[in-house]
Amino acid sequence: MDARHGAGLARRWSAAVVAAAVCGWLSTMAPTTTTTAAAGAGPGSGSGVLVSGRGEGEAAPPPKPTPPPVDCGQAKCVALTFDDGPMNSTAKLLDILAERKVKATFFMVGGNAGTYPALVRREHAEGHELGNHSYTHADLGRASTTKIMSELTRTQHAIQRAGGVSPRLMRPPYGSTGPKLAAATKRLGLAQVLWTVDPLDWKIRNSAAVERKVVRATRPGYIVLMHDIHPTTVAAVPGIIKRLAAKGYVFVTVSELYGDPMTPGKKYIQRPAPRKAPTRTPSPETPGTAAPADR
């Protein structure tokens, strides 16, 4: 090999080395791959791609809008409440309420809450309100302070263990209350919730009769008492919801019915009906002007 041929080979070899080095340097500036970008994507990343829990490339669902609170000072609100559960029949009732997007208030017996903790958790998870109905369905109006405190605190603990929430409402079994219970509930931070409509569903085990009694008796601001431990009552609920909704009623929990924080120890039976704006009529003396409203 002569000197000139050897120098040419050397120059070509040096050029190849430089080109390889430049390509390697440029490769470090290339964009990241789709897989890398997806791994860092999230609901708020703007990519619309989620990796965890969904298939690659599947768009994240939009957040569910939070419905505005109902103004029960203006709307025709009614609170459906259920006592004595949970029991096996409570699961069917929860299915009915979920299908119709209706929220209710459950006043639970503490012993049952401990027996059916999954139902307590489901009630809370699906947006229903949980209330205290004593541990053994005791007559608290005639009980000693020691007995009252035991019944209520054991139930609070049972619901807290099962559902992860401590009730702020209680319903005295049989509607039996008194000064000792008022003092105890005030001490425990529990408002006493009674009722306005009682279809006697515990006695009249007839779904059609229960439905008819509730629909006929309900007025705006009322609290309806029923029992989720009776299958006949559960069977009446779809008709009750359908017929009251057709009359313009809105279904709310007890706390939503009153809106403002409820006072511990105080008894609540119904919310006053929505106020109607006073009507004004033209004065006969001066047509076209408004007369003062009647006081």
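**Figure 1. N112 lies in helix α4, which covers residues 110–115.** Helices (H or I, at least four residues) and strands (E, at least two) are DSSP runs numbered from the N terminus. The model is predicted: local features need pLDDT of at least 70, side-chain atom pairs count only at pLDDT 80 or more, and totals for chains, interfaces and linings use all residues. Residues are numbered from 1 along each chain as its sequence is written, and side-chain values use heavy atoms, with hydrogens and water left out. N112 counts as buried because its relative accessibility is 16%; buried means under 20% relative accessible area, exposed over 50% and partly exposed in between (1.4 Å probe, protein chains only). Not counting residues up to four places away in sequence, N112 touches D84, G85, P86 and M87, where contact means heavy atoms within 4.5 Å.

**Figure 2. The largest nonpolar core holds 33 residues.** Such a core is a set of buried Ala, Val, Leu, Ile, Met, Phe, Trp, Tyr and Cys residues joined through side-chain atoms within 4.5 Å. L80, F82, L97 and F106 touch the most other members. Elements that each supply at least two residues include β1 (77–83), α3 (88–100) and α9 (231–246). Helix α9 gives the most, with six residues.

**Figure 3. L80 has contacts beyond its neighbours within four places in sequence.** Among them are V102, A104, V224, I241 and V252. V252 also belongs to a second, separate core of 14 residues, which includes F107, M262 and Y268.

**Figure 4. C72 and C77 form a disulfide.** Their sulfur atoms are 2.2 Å apart, and a disulfide is a pair of cysteine sulfur atoms within 2.5 Å. The torsion about the S-S bond is about -85°, so the disulfide is left-handed. Both C72 and C77 are buried.
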